[in-house]
Protein chains: 2
Amino acid sequence: MDEVIADPIKKFIQLYNRDYTVPLDLKIDAGNEIYHHVPKDVEQKWFEYINEPGFFRDLEIIPDSQRVIKALQQKYEVYIVSAAMEFPNCLKDKHDWLADHFPFIDWQHIIFCGNKIVNTDIMIDDRIKNFVNYPGRPLLFTSPHNLLVTDYERVNTWEEVAGLLL
Amino acid sequence: MDEVIADPIKKFIQLYNRDYTVPLDLKIDAGNEIYHHVPKDVEQKWFEYINEPGFFRDLEIIPDSQRVIKALQQKYEVYIVSAAMEFPNCLKDKHDWLADHFPFIDWQHIIFCGNKIVNTDIMIDDRIKNFVNYPGRPLLFTSPHNLLVTDYERVNTWEEVAGLLL
């Protein structure tokens with residue numbers, strides 16, 4: 001979900017802007033995370049933000065993800081697999097966000113987990129830790145933190161996913 | 001979780017007893033579900049009960065499940081995989097119940113899903129629908145509704161699981 005179909009980075013920047021005047025037009029450097037760009041004494045604040053009920057409820061949607069995933073459903077069995085269990089206060093928020101923005105994905109095809117030990121043919125993910133021991137075809141969805149990674153087939157946008165898989 | 005480490009049947013009976021005087025010592029016949037044993041006009045009431053926040057929060061623990069799962073962790077990587085997504089109001093309750101009674105299972109090893117498309121070697125489950133297309137070794141955990149099933153290796157208790165796997 002995060003950084004693939006939902007945009008938590010924009011929300012982090014807004015919250016750090018509100019509390020610590022981090023600039024709203026902050027660009028995260030290649031290979032870095034949001035916490036590399038905020039004052040040293042509040043670099044763990046993102047973890048508080050993310051654990052607050054409501055954090056995930058109004059995230060912006062990554063462009064074209066709805067349209068392309070709907071099209072993928074014509075050809076594939078599509079699952080949403082989110083490492084949501086790290087933030088148990090937000091399970092319902094994540095569920096409700098999906099119900100709002102991806103209502104065409106039914107409950108059978110939603111997985112909230114820790115380790116992503118799913119038995120699928122393809123995985124689209126921004127975190128390479130999820131590709132360790134994954135037996136299928138990994139597609140690395142571009143996010144600032146993974147820009148320096150060269151070990152995986154990369155997709156920069158949902159338009160590119162469509163080009164590859166449709 | 002349900003009917004394997006947590007006991008929703010006892011709670012269903014208590015609620016049907018409270019509202020419709022179904023006897024507290026009700027035994028569910030082999031191959032049947034709770035709704036086969038309640039008045040015709042309230043046989044779907046179980047679905048309302050289960051969707052109420054709090055339903056899963058105080059379920060009794062299936063005997064020996066804590067002790068045996070803790071022992072299994074010495075030899076296996078143990079995941080809890082629950083079809084919790086069917087009851088989105090209860091995601092947090094199920095999470096908190098696990099935190100209370102199985103605190104030795106960390107968030108990385110908890111999966112709330114619909115279809116159980118997990119890539120594991122063994123699956124202990126009471127519902128044979130979860131064994132369809134499952135490539136590993138299924139162990140059918142006995143529950144009244146599955147007593148007539150003969151197609152799978154069966155475990156009647158967690159003591160039997162220990163005997164097989166430890």
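These questions and answers go through a predicted model.

Me: In what order do the elements of chain A run from the N terminus on?
Reply: Chain A has five helices and seven strands. From the N terminus on, the order is β-α-α-β-α-β-α-β-β-β-β-α.

Me: Which radius of gyration does chain A have, and why does it agree with a compact globule?
Reply: The C-alpha trace spans about 45 × 35 × 30 Å along its principal axes. A compact globule with 166 residues would have a radius of gyration near 15 Å. The value for chain A agrees with that, at 16 Å.

Me: What percentage of the contacts in chain A between residues at least 6 apart in sequence join residues at least 24 apart?
Reply: Contact here means heavy atoms within 4.5 Å. Of the contacts between residues at least 6 apart in sequence, the share joining residues at least 24 apart is 62%.

Me: How many Å apart are the mean positions of the positive and negative charges of chain A?
Reply: Chain A has 17 positive and 27 negative charges. Their mean positions are apart by 2 Å.

Me: Is T142(A) buried or exposed?
Reply: T142(A) is found in the loop between β6 (137-141) and β7 (154-155). Leaving aside residues up to four places away, T142(A) touches E3(A), L147(A), R154(A), V155(A) and N156(A). Its relative accessibility is 18%, so T142(A) counts as buried.

Me: What phi does D64(A) have?
Reply: D64(A) sits in the loop between β2 (60-61) and α3 (65-72) of chain A. With a relative accessible area of 35%, D64(A) is partly exposed. Most residues other than glycine have a negative phi. D64(A) is not a glycine, yet its phi is positive, at about 70°.

Me: At what relative accessibility does E3(B) count as buried?
Reply: E3(B) is found in the segment before β1 (6-7) of chain B. E3(B) has a positive phi of about 70° although it is not a glycine. Buried means under 20% relative accessible area. E3(B) counts as buried, at 11%.

Note on methods: Residues are numbered from 1 along each chain as its sequence is written. Chains are lettered from A and ligands numbered from 1 in the order in which they are written. This is a predicted model: local features need pLDDT of at least 70, side-chain atom pairs count only at pLDDT 80 or more; totals for chains, interfaces and linings use all residues. Side-chain values use heavy atoms; hydrogens and water are left out. Helices (H or I, at least four residues) and strands (E, at least two) are DSSP runs, numbered from the N terminus. The radius of gyration is taken over C-alpha atoms; the globule rule is 2.2 Å times the number of residues to the power 0.38. Lys and Arg count as positive and Asp and Glu as negative; His and the chain ends are not counted. The place of a charge is taken as NZ of Lys, CZ of Arg, CG of Asp or CD of Glu. Buried means under 20% relative accessible area, exposed over 50%, partly exposed in between (1.4 Å probe, protein chains only).
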